[in-house]
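Please open the model in your viewer and follow the stops below. Each stop says what to select and what is there.

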Amino acid sequence: AYGLALLEKAARRFTDDVWVIAPESEQSGASHAISLSVPVRVRRVGDRRFAVKGTPVDCVLLAAHELMADTPPTLILSGINHGPNLAEDLIYSGTAAAAREAALLGISAMALSQSYVIGEKLNWDVAEAYIAEVLTPLLACERLPNIFLNVNFPHVAPADVKDVRATQLGMRLPGSFLPLKGVDGRFAPYYWIGIRYDQGAPDATTDLAAISDGAISITPVHVDATAHMACQQISALYTGRALKGHIAP
């Protein structure tokens, strides 16, 4: 993948100790899936280069526990994804899942994506022009435990990039993914899952707003997905309530 080659090139600006452990084929929408019921095949394609017949999370597990066991990774970079990973995309994204798995293992991680407009040709120039500048301060800072960074490059000309912004995850309007019905040559119905983004009017602090404004977005994402305020509300529902149960004799 072109984005993977671009990311490897950028990583080599900082170190010669770069390993490429990537899925054999595209894994869009793989989310945080792991291969539990099928074997995971690994093909060596060069020095420190492996193709994995599995998911992005499988790749991270193999890197940490098997392929790099003697010299475990200190940083995992995932991407550069062909398209944005913004807002609720992180629920579905295999790119983000690889970084999340690394964070769960206590390894620093970043997921990187190049945004584009659906129906238009993706332009890698922004990622190529700015990735080293984005990575340099991030690599120098202290690791944040249980957190990975989600980086998105905007769909603009390199000269039109405004700045780099620390952002929150946004939320598009409901209905981004919809089944689209078709009929095959034998008149049997089938469905494609289509994409129809409608981000509404996102808050200025979100990744959606930053990308729309031509800025590079960096969102720190915590692996703890607990809704802590809701915990307090639910706890209050049961405070002082004695459980009686309904146990059959």
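Predicted model: local features only at pLDDT ≥ 70, side-chain atom pairs only at ≥ 80, totals over all residues.

**Whole chain**

Start with everything shown. The C-alpha atoms fill a box of roughly 70 × 55 × 45 Å along the principal axes. Of the 249 residues, 38% are buried. The exposed surface comes to about 15000 Å², and carbon and sulfur atoms supply 57% of it. Among contacts with a separation of 6 or more, 73% are between residues 24 or more positions apart.

**The five-stranded sheet**

Select E4, E5, E6, E10 and E7. In that order they form an open sheet of five strands with mixed pairing. E4 and E7 (164-166) stand at the edges with a single partner strand each, so one side of each has no neighbour in the sheet. Neighbouring strands are turned by 20° against each other on average, direction ignored.

**Strand E5**

Select residues 108-114. How many of the seven residues of strand E5 are buried? Seven of the seven are, so E5 is largely enclosed by the rest of the structure. In a regular strand, side chains alternate between the two faces of the sheet. Colour the two sides of E5 separately. Ser108, Met110, Leu112 and Gln114 are on one side, Ala109, Ala111 and Ser113 on the other, and all are buried.

Next, look at the partners. E4 (residues 75-82) runs parallel to E5, joined by six bridges. Gln114 has Phe153 as its bridge partner in E6, and Leu112 stands opposite Val151 in E6.

Zoom in on Gly79 and Ile80. The peptide bond between them is cis, with omega near -5°. Ile80 lies in strand E4. Most peptide bonds are trans.

**Helix H5**

Select residues 125-140. What handedness has the β-α-β unit of E5, H5 and E6? The unit is left-handed. Follow the helix along its length: there is a kink of about 45°, centred on Ile131.

Show side chains on H5. Val126, Ala127, Ile131, Ala132, Val134, Leu135 and Leu138 are buried. The buried residues of H5 pack against H1 (2-11), E4, E5, E6 and E10 (216-222).

Move to H1. Its buried residues are Gly3, Leu6, Leu7, Glu8, Ala10 and Ala11. Their cover includes E1, E3 (49-53), E4, E5 and H5.

Step on to Arg13, in the loop between H1 and strand E1 (20-23). Which residues does Arg13 contact, leaving aside neighbours within four places in sequence? They are Glu128 and Ala132. Ala132 is one of the buried residues of H5.

**Strand E10**

Return to the sheet and pick E10. Five of its seven residues are buried, so E10 is largely enclosed by the rest of the structure. E6 and E10 run antiparallel, joined by six bridges. Phe148 has Val221 as its bridge partner in E10. E7 pairs with E10 in the parallel sense, over three bridges. There, Val164 is partnered by Ile216 of E10.

Most residues other than glycine have a negative phi. Two stops show positive values.

Select Ala87, with a phi of about 50°. Ala87 lies in the loop between E4 and helix H3 (89-92). Is Ala87 buried or exposed? Its relative accessibility is 4%, so Ala87 counts as buried.

Finish at Phe187, with a phi of about 65°. Phe187 lies in the loop between E8 (177-183) and E9 (189-195). Phe187 is exposed, with a relative accessible area of 72%.

Key
Residues numbered from 1 in each chain as written. Heavy atoms only, no water. Buried < 20%, exposed > 50% of the residue type's maximum accessible area, 1.4 Å probe, protein only. Helix = DSSP H or I, 4+ residues; strand = E, 2+ residues; numbered from the N terminus. Pairing = 2+ DSSP bridges. Right-handed = clockwise from strand over helix to strand, strands pointing away. Axes fitted to C-alpha atoms, helices over the stretch in contact; angles between N-to-C directions. Bend = angle between axes of the 7 residues up to and from the residue. Contact = heavy atoms within 4.5 Å. Areas by Shrake-Rupley, 256 points an atom, 1.4 Å probe, with all protein chains shown as cover.
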